[in-house]
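Here are my notes for you on this structure. Keep the 3D view open and go through the points one at a time.

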Amino acid sequence: MKALLLKDWYMAVKYCKAYLVIVAVFAAVAMSGANFMYGFYACIMAGMVPVTLLSYDERSKWTVYSCALPYTRAQLVSVKYIVGGLAQLAVIILLTAIQCVRSGFSGGFDFGVLLEYMSLQIFMSCLVCSVNLPFVFKYGVEKGRAWYYIALVLVFGVAGALAGIFVLSDTSRHGILGAFALVPAIAGIVIYALSWRLSIRFYEKREM
Amino acid sequence: MNALELKNLTKTFDGFTLDGLNLTLPGGCIMGLVGENGAGKSTTVKLILDIIHKDGGSVKVLGSEDVGLVKDDVGVVLDEAGLPEGLNAAQVGRVMALTYKNWDADGYAKLIRDFDLPEKKLFKDFSKGMKMKLGFAVALSHGARLLLLDEATSGLDPVARDRMLDLLRDFVCDDGHSVLISSHIVSDLEKVCDYIAFIHKGKLMLCEEKDRLLEEYRIVRCAPEELAKIPAPAVLHKKITPYGAEALVRRADVPSGTSAGPVNIEELFVLMSKEAN
């Protein structure tokens, strides 16, 4: 597993720099308070990193060759979920820090609202990987591309809807989930875990 | 111990069936897998490695029916080397050091130097030949006991191919090391292989010791009238043109006095394939 993580680290450094720039731009826009939705977009971008890495794997035939090396199919799937999780975690930490700074400046720091933002960001991040990866592992990036775009539209739609609710309810000052603030995060993590398991099952049956 | 034992191995795709393949590669030997495009060579290699799943039969690799348990001992070079395109040779070495229990970093570095591969150039910028060389360097640097090579010499220039064949000969000098190599370049196989297996349209036509094949078959080039004198069962394939006749025959069945020359593996393969078609 360490070998696969190292390999994906090298690949991410080489090919995912553009995501870093896009995430930084979205995060900066979110910080300016222009639209809460940009924070979600940053999360979505982080969730796209594993699929991007998989598309490079497929192009170089690593997906075939790696099955001949002493890795299990479960490890080959798991590394993408771990990379996805780490990328999402980094973005959420960044967005949370930005949110803290922003509310510090505006003088309206509210831990409940912060928790709610984090929770929704975790949900969005998890959703991107969770809906995409099982199909990509089952059909490959090329064949799964149609689903990939459908899923992205779906996820962006959810992001837009959530942002709309927050804008309408002015949650920059008051959270709307209250005691249920952590429910989206927990739901996201559960969906992520189920998706992980489903991807392993698909990949173990897949023929390269 | 046999390095490979395939029994009644079967796999069906749309329009193709690998039909009950039986193959045994004894330890310490090199076996060449020969066949036309689409004959089933790559399918066989992938089935051995469980890259695709068999429909029936059994595969035993280095004595184990679960290839996953012995992958540390199997070196693999596939027709497209398959290493990650964003990595350079040094990074590949670091990844493989964490992949294989018996990774030999010094041996890998030596092969990289021997093959004249740049350490910092990205794999995606390598030529086909360089990619295959890097694949070889990986396969030969982790103490493998069995090498599975699928069209691994294609894309290499003749000098590099010759170097690879030398490496394969050196590899099998170590006790119990074995190689299964599929290739279109039959002349390469003839140089190094102990056994030759012909696959045609998913069926094993023959699997025999190379020396015995070369001993058993002969080529007769003569006038058509002379060819007619040879008993029909002795003639495995014949080609008659306005300029003369050419036939692949079993040496034992050729009447004495008939002039029959030696056959090479490439001729044997081409003529047998034509006969099967």
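What follows is a set of numbered points on chain B, from the overall build down to single strands and helices.

1. Before anything else, keep in mind that this is a predicted model.

2. Let's begin with the overall build. Chain B has nine helices and 13 strands. Its radius of gyration is 21 Å, close to the 19 Å that the globule rule gives for 277 residues, so chain B is as compact as a globular protein of that length. If you follow the C-alpha trace along its principal axes, chain B spans about 65 × 40 × 40 Å.

3. Now for the inside of the chain. Of the 277 residues in chain B, 43% are buried. Take the contacts between residues at least 6 apart in sequence: 67% of them join residues at least 24 apart.

4. Strand E1 (residues 2-13) and strand E2 (residues 16-26) of chain B run antiparallel, joined by eight bridges. As a general point, strands of a sheet pair through backbone hydrogen bonds, either parallel or antiparallel. To see one bridge for yourself, find B:Asn2, whose partner in E2(B) is B:Pro26. Together E1(B) and E2(B) make a hairpin with two residues between them. In that turn, B:Gly15 has a positive phi of about 85 degrees.

5. Is helix H1 of chain B mostly covered or mostly uncovered? Mostly covered: H1(B) takes in residues 41-48, and seven of its eight residues are buried. After H1(B) comes B:Asp50, with a positive phi near 60 degrees.

6. Then look at the open sheet of four strands, where the order is E11-E12-E10-E13 (chain B) and the pairing is antiparallel. Which strands sit at the edges? They are E11 (235-241) and E13 (261-262) of chain B, each of which pairs on one side only. E13(B) is held to strand E10 (residues 217-222) of chain B by two bridges, in the antiparallel sense.

Terms used. Residues numbered from 1 in each chain as written. Chains lettered and ligands numbered in written order. Predicted model: local features only at pLDDT ≥ 70, side-chain atom pairs only at ≥ 80, totals over all residues. Rg over C-alpha atoms; globule rule 2.2 N^0.38 Å. Buried ≥ 20, exposed ≤ 12 C-beta atoms within 10 Å, placed from the backbone. Contact = placed C-beta atoms within 7 Å. Pairing = 2+ DSSP bridges.
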